[in-house]
Amino acid sequence: MKALVKDERTVGLREVPRPVASREDDVIIQVAVAGLCRTDVYVAEGRLPVRPPLVLGHELAGTVTEVGRSVSGLPPGERVTVHPLLACGECPGCRKGERCGRPAQLGVHHDGAFAEYVRVPASAVYRLPPGLPFSLGAYVEPVAAALGVMGAGLRPGQRGLIYGDNRIAQLTRRVLAAHGMGEVPLYAPRRGERLAVDAYDFIIETELSDQALADMLEALRPGGTLVLKSRRHEPVALPVARAVLKDVTLRAVSYGPFSEALALLAEGRLKVDDLLGEVHPLEAHAALFAAAGRSEERKVFFAPGRG
């Protein structure tokens, strides 16, 4: 099959073996649409080290074609999406039936979705509601990631701010509005405007840097909450003394429930069409990766079977 593969130094279109359901909980999915994300760009650029060769991509929707012998309820032809964090099955959390403490990520530690077919465990697979387009199915992952902020203890009536004005920030603001949080303003650091000091009950970060952390800590009121949302893989400097003196709560969030993300999109309570871009064949990867490194205005997608 065709796949977009990260080698030692390059990313390119390769012919690789098509996956099969060799384990009892395997699900093989024919990928219809896969979204290009900031993490994929980091892997391609080598900023996020991986063990090559690796198929990239972790935001997808497609159709089940084969399952392992212990899988039920996912017949061939079922339209699905996938949670990209794959439980290890061995850590204390997994053994207790709780949250995995060291999950593998699709497209980072496990061959991903920029391919005609992908293999994932059944526990990571979610059915698409009837009528939901594959493009929105592939966008469930970003929505679930934005939903993570709702687990940070934020409440309607609080004064909040979203640090950043990128596509992730726009999506996060819409998720907050869908949960009765009103129109939380976005802050564009590149414009150079100073944030008010001690002004906000919470700040949600979507663009992380040493300077951003310092600015947000100054802008939070004493006792406020700083929500860390980005997945920057390089370390950043945290002004610990300032955070301690202001009694700031730091909340790092990853994902909210995929089931809720699916419902928000399927029921029309979250409108995202203007955030979605075009669908391209895998052969267009070089231009799309370059463009994604410059702008995040719209989500672009691959259709691995096209081309």
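This is a predicted model: local features need pLDDT of at least 70, side-chain atom pairs count only at pLDDT 80 or more; totals for chains, interfaces and linings use all residues.
Three strands make up an open, antiparallel arrangement in the order β2-β1-β4. The edges are taken by β2 and β4 (54–55), each of which has a single partner strand, so one side of each lacks a neighbour in the sheet. Strand β1, spanning residues 2–6, pairs with β4 in the antiparallel sense over two bridges. Within this part of the model, V5 lies opposite V55 of β4.

Beyond its neighbours within four places in sequence, V11 contacts L4, V5 and K6, together with A44, L56 and H285. For L56, which is 45 residues away from V11 along the chain, the C-alpha separation is 9.0 Å.

Turning to the helices, a packed pair is described by the angle and the distance between the two axes. Here, α4 (residues 140–147) and α5 (residues 167–178) pack at about 65°, and their axes are 9 Å apart. The crossing of α4 past α5 is right-handed. On the α4 side, the contact is made by P142, V143, A146 and L147, while α5 contributes L171, T172 and V175. By residue type, the contact of α4 with α5 comprises six nonpolar residues and one polar residue, with no charged ones.

Notes
Residues are numbered from 1 along each chain as its sequence is written. Side-chain values use heavy atoms; hydrogens and water are left out. Axes are lines fitted to C-alpha atoms, for helices over the stretch in contact, and angles run from 0 to 180 degrees between N-to-C directions. Helices (H or I, at least four residues) and strands (E, at least two) are DSSP runs, numbered from the N terminus. A crossing is left-handed if the near helix is turned anticlockwise from the far one by less than a right angle, and right-handed if clockwise. Contact means heavy atoms within 4.5 Å. Ala, Val, Leu, Ile, Met, Phe, Trp, Tyr, Cys and Pro count as nonpolar, Asp, Glu, Lys and Arg as charged, and the others, Gly among them, as polar. Two strands pair if DSSP finds at least two bridges between them.
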